[in-house]
Amino acid sequence: MKQFTSVKDVTDLKAIVAEALVLKKDPFAYQHLGKNKMLGLVFLNPSLRTRMSTQKAALNLGMNVMVLNIDKEGWALELRDNVVMNGTTVEHIREAAAVMGEYLDIIGVRSFPGLKDRNEDYTEVIFNKFVEYCGIPIVSLESATRHPLQSLADLITIEELKTKARPKVVLTWAPHIKPLPQAVPNSFAEWMCKADVDFVITQPKGYELSTDFTNGTTITYNQDEALADADFIYVKNWSAYEPYGQMPEVNGNWMLTNDRLKITNNAKVMHCLPVRRDLELSAEILDGPNSLVVHEAGNRVWAAQAVLKQMLEAL
Ligand code: AN0
Ligand code: CP
C-alpha cells in the first residue's frame, strides 16, 4: 500500500480486516519490518485516540515515531500560494512538508475542514498539499472529508462482534452544540457500502451527506424506522453539506436512549469518540452493556497497525 487516504486505497477489505485481527492476537510478530524506519504524525488539530493508537501501532511494528502538533508547536504555516508572507504566517507548507519528507519514511497528517468553503474542503486542498510536497507515503489521520483509520477500526469491530453473516448497521445523526465535520460519517458510509452489511442512514431533513459517499444507501428521516431490528448503531453528529457547515433546525429528540434500543435487535452502540454525554449519546447507554465505544477505540491500534504494515511492506 502506497498511501492510505480512503477506502479506495485498500485492495482487499476482508484481507485487511483479517490481518488486523491476526495482529491483535500477536502484536509484535513484525518488529523487524519497522526497524530504522521513521513515522511522523503531524497534527493541525487535536487528537487523543488517533495520536496514541497510531503511535502504539508503529512501535509494535518496531518503527520510530515523531509527533508534531504543528498547530501549537510549529511555525505558523502558510497554506495559500502566491501570497506575500508579510502577515502572521512564518513558513510555507511547500518548505515545511518537503523538510518533513527528508526526515520521515511515512507521514500521517490530520487536517480538519474549515467548514466555510465546501469546494476547498471537498477538494482536500490542505491535505493534498502535504501529499504533493512531502514526497513520501502518507496516511490520513482524518482529512477534511474522510477518517479512514476510524472506519477501518469500525469495520474490524463489526466483523469481530457480529452474530450473523450480514448484520443490520444503522448510522444515526446525533445532536451537538457546534458544527462538526462530515468526515467520520462520510467515511463510515463509504466503508459500509463496500462491506457485507445491511446499511441504513437516518438523519433529520437537511443533514443529507454528499451522495458521493452514500452511494445509493437507504436514507430515512424516521429514526425509529431505521433502528428496527438494528444489530449495530453508529452514532455521530455532523453539520449540513448543504447549506455547507450549517446546523439546520431539528425537530424531535435524536439522542439515543435505552428506551429506543428496545426496538433494535439488542443493538451494540458505536461512536468514534470524543462524545458529549447526554447531548450526543445518553450516559445510560455509554455506561451500559450495549456500548462498544471503548472496545472500538481499542481497535484503532490494530487498524493502524494493519495499514502501517502494508505500507512498510511497499517501501
Ligand atoms: C471530530 C469530528 O467530528 O470530525 C473528530 C472525531 C474523531 N470531532 C470533534 O471535533 C468533536
Ligand atoms: N476517534 C478519533 O479519531 O479520536 P481523536 O480525535 O481523539 O483522535
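Colleague: Helix 4 and helix 6: is their crossing left-handed or right-handed?
Modeller: Helix 4 passes helix 6 in a right-handed crossing. Right-handed has the near helix turned clockwise from the far one by less than a right angle, and left-handed has it turned anticlockwise.

Colleague: Where do those two sit, and what is the angle?
Modeller: Helix 4 covers residues 93–103 and helix 6 covers 125–134. Their axes come within 8 Å and cross at roughly 55°. Axes are lines fitted to C-alpha atoms, for helices over the stretch in contact, with angles from 0 to 180 degrees between N-to-C directions. Helices here are DSSP runs of H or I with at least four residues, strands are runs of E with at least two, and both are numbered from the N terminus.

Colleague: Which word describes that angle?
Modeller: Oblique, therefore, is the word for helix 4 and helix 6. Under 35 degrees is roughly parallel, over 145 roughly antiparallel, 65 to 115 roughly perpendicular, and the rest oblique.

Colleague: Which residues make the contact?
Modeller: Helix 4 brings I93, R94, A97, A98, M100 and G101. Helix 6 answers with I126, K129, F130, Y133 and C134. Contact means heavy atoms within 4.5 Å.

Colleague: And how many of the contact residues of helix 4 with helix 6 are nonpolar?
Modeller: Eight are nonpolar, one is polar and two are charged. Ala, Val, Leu, Ile, Met, Phe, Trp, Tyr, Cys and Pro count as nonpolar, Asp, Glu, Lys and Arg as charged, and the others, Gly among them, as polar.

Colleague: Before we go on, what kind of model is this?
Modeller: A predicted one, where local features need pLDDT of at least 70 and side-chain atom pairs count only at pLDDT 80 or more, while totals for chains, interfaces and linings use all residues. Residues are numbered from 1 along each chain as its sequence is written, chains are lettered from A and ligands numbered from 1 in the order written, and side-chain values use heavy atoms, leaving out hydrogens and water.

Colleague: Now the ligands. Which residues are around ligand 1?
Modeller: F112, E142, H147, L180, P181, K236, C272 and L273. Each has a heavy atom within 4 Å of the ligand.

Colleague: What about polar side-chain atoms there? How far is E142 from an oxygen atom of ligand 1?
Modeller: E142 places a polar side-chain atom 2.6 Å from an oxygen atom of ligand 1. For K236, the distance to an oxygen atom of ligand 1 is 2.7 Å. Between protein and ligand, a polar contact is a pair of N or O atoms within 3.5 Å.

Colleague: And what surrounds ligand 2?
Modeller: S47, L48, R49, T50, R110, H147, Q150, C272, L273 and R300. An N or O atom in the S47 side chain is 2.7 Å from an oxygen atom of ligand 2. For R49 the distance is 2.9 Å. H147 has a polar side-chain atom 2.8 Å from an oxygen atom of ligand 2.

Colleague: Back to helices. How do helix 1 and helix 14 pack?
Modeller: Helix 1 (residues 13–25) meets helix 14 (residues 300–313) at about 110°, with axes 8 Å apart. They are therefore roughly perpendicular to each other. Their crossing is right-handed.

Colleague: Which residues meet there?
Modeller: From helix 1, I16, E19, A20, L23 and K24. From helix 14, W302, Q305, A306, V307, K309 and Q310. The residues of this contact divide into six nonpolar, two polar and three charged.

Colleague: And helix 7 with helix 8: what angle?
Modeller: Helix 7 (residues 148–161) and helix 8 (residues 183–192) cross at roughly 50°, and their axes come within 9 Å. The pair is therefore oblique. Their crossing is right-handed. P148, S151, L152, D154, L155 and I158 of helix 7 contact S187, F188, W191 and M192 of helix 8. Seven of the residues in this contact are nonpolar, two polar and one charged.

Colleague: Last topic, the loops. Where is Y241?
Modeller: Y241 lies in the loop between strand 10 (232–236) and helix 11 (258–261). Leaving out residues up to four places away in sequence, Y241 touches R118, Y122, Q182, E208 and S210.

Colleague: Is the peptide bond from E242 to P243 cis or trans?
Modeller: It is cis, with omega near 0°. A cis bond also joins L273 and P274, with omega about 5°. P274 is in the loop between strand 11 (268–270) and helix 12 (283–286).

How values were computed: Polar contact = N/O pair within 3.5 Å; in protein donor to acceptor, adjacent residues only side chain to side chain.
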